[in-house]
Amino acid sequence: VLERTLTVMVKIILLFRGVAAEIQGDGLLCFFNADEDISQQASRACAAASAFHQALRLLNEEFEGQGFPTLKFGIAIHTGIGMTGILGCRQRLKWGVLGTVV
């Protein structure tokens, strides 16, 4: 159930030209306007959030039909300036974002 849900949500993020930076347990950290300069990044984030809700409704119908519990989630959208790049040390690197907006 979780893998199927995250797969759909990451596809939605990419559809709206966002970046799925991290899967954190059952959550996602994504951002827009990081690897390319896109306009209206806040609008794209809001449109992706709306698409998440529509997708979750369909996924929950699928899960119920298979006897699985339904899912609920919350979404937080923050806007501001951040810095993206490779973070960490030699033993552990990742691509991420820093700043008070995160």
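## Chain contacts and overall layout

Among the contacts in the chain with a separation of 6 or more, 37% are accounted for by residues 24 or more positions apart, where contact means heavy atoms within 4.5 Å. The structure is a predicted model, in which local features need pLDDT of at least 70 and side-chain atom pairs count only at pLDDT 80 or more, while totals for chains, interfaces and linings use all residues. Residues are numbered from 1 along each chain as its sequence is written, and side-chain values use heavy atoms, with hydrogens and water left out.

The chain has two helices and four strands, and along the sequence these follow the pattern α-β-β-α-β-β; helices (H or I, at least four residues) and strands (E, at least two) are DSSP runs, numbered from the N terminus. Taken along the principal axes, the box filled by the C-alpha atoms is roughly 45 × 35 × 20 Å. Of the 102 residues in the chain, 26% are buried, a class that means under 20% relative accessible area, with exposed set at over 50% and partly exposed in between (1.4 Å probe, protein chains only).

## The largest nonpolar core

The largest nonpolar core has 14 residues, and Met9, Ile12 and Phe16 are those that touch the most other members. The elements giving two or more residues to this core are α1 (2-15) and α2 (41-65), and the largest share, eight residues, comes from α2. Such a core is a set of buried Ala, Val, Leu, Ile, Met, Phe, Trp, Tyr and Cys residues joined through side-chain atoms within 4.5 Å.

Methionine 9, with neighbours within four places in sequence left aside, is in contact with Leu28, Phe52, Ala55, Leu56, Leu59 and Phe73. Leucine 56, placed in helix α2, is buried with a relative accessible area of 8%, and beyond residues up to four places away in sequence it touches Thr5, Met9, Leu71, Lys72 and Phe73. The C-alpha atoms of leucine 56 and leucine 71 are separated by 7.6 Å, although the two residues are 15 apart along the chain.

## Isoleucine 13 in helix α1

Isoleucine 13 is found in helix α1 and is buried, with a relative accessible area of 0%. Leaving aside neighbours within four places in sequence, isoleucine 13 is in contact with Gly18, Val19, Ala20, Leu28, Cys30, Phe32 and Phe52. Between isoleucine 13 and alanine 45, which are 32 residues apart in sequence, the C-alpha to C-alpha distance is 8.2 Å.

## The largest pocket

About 1000 Å³ of space lies in the largest pocket, a volume being the space filled by probe spheres set on grid points that are joined across faces, edges and corners. On a 1 Å grid over the protein atoms alone, a pocket is an open set of points where a 1.4 Å probe fits, with protein on both sides within 12 Å along at least five of seven lines, and lining residues have an atom within 4 Å of a point.

The lining of this pocket consists of 37 residues, of which Leu28, Leu29, Cys30, Phe31 and Ala76 lie nearest its centre. At least two lining residues each are supplied by α1, β2 (27-32), α2 and β3 (83-89), and the largest share, seven residues, comes from α2. By class, the lining has 25 nonpolar, 10 polar and two charged residues; Ala, Val, Leu, Ile, Met, Phe, Trp, Tyr, Cys and Pro count as nonpolar, Asp, Glu, Lys and Arg as charged, and the others, Gly among them, as polar.

## Cysteines

A search of the whole structure finds zero disulfides, a disulfide being a pair of cysteine sulfur atoms within 2.5 Å. For cysteine 30, which is in no disulfide, the nearest cysteine sulfur is that of cysteine 46, 11 Å away. Cysteine 30 counts as partly exposed at 27% relative accessibility, and cysteine 46 likewise counts as partly exposed, at 44%.

## Two loop residues

Most residues other than glycine have a negative phi. Arginine 17, in the loop between α1 and β1 (18-24), has a positive phi near 65 degrees, and this residue is partly exposed, with a relative accessible area of 34%.

Histidine 78 is found in the loop between α2 and β3 and counts as exposed, at 58% relative accessibility. Histidine 78 and threonine 100 are 22 residues apart in sequence, with a C-alpha to C-alpha distance of 9.7 Å.
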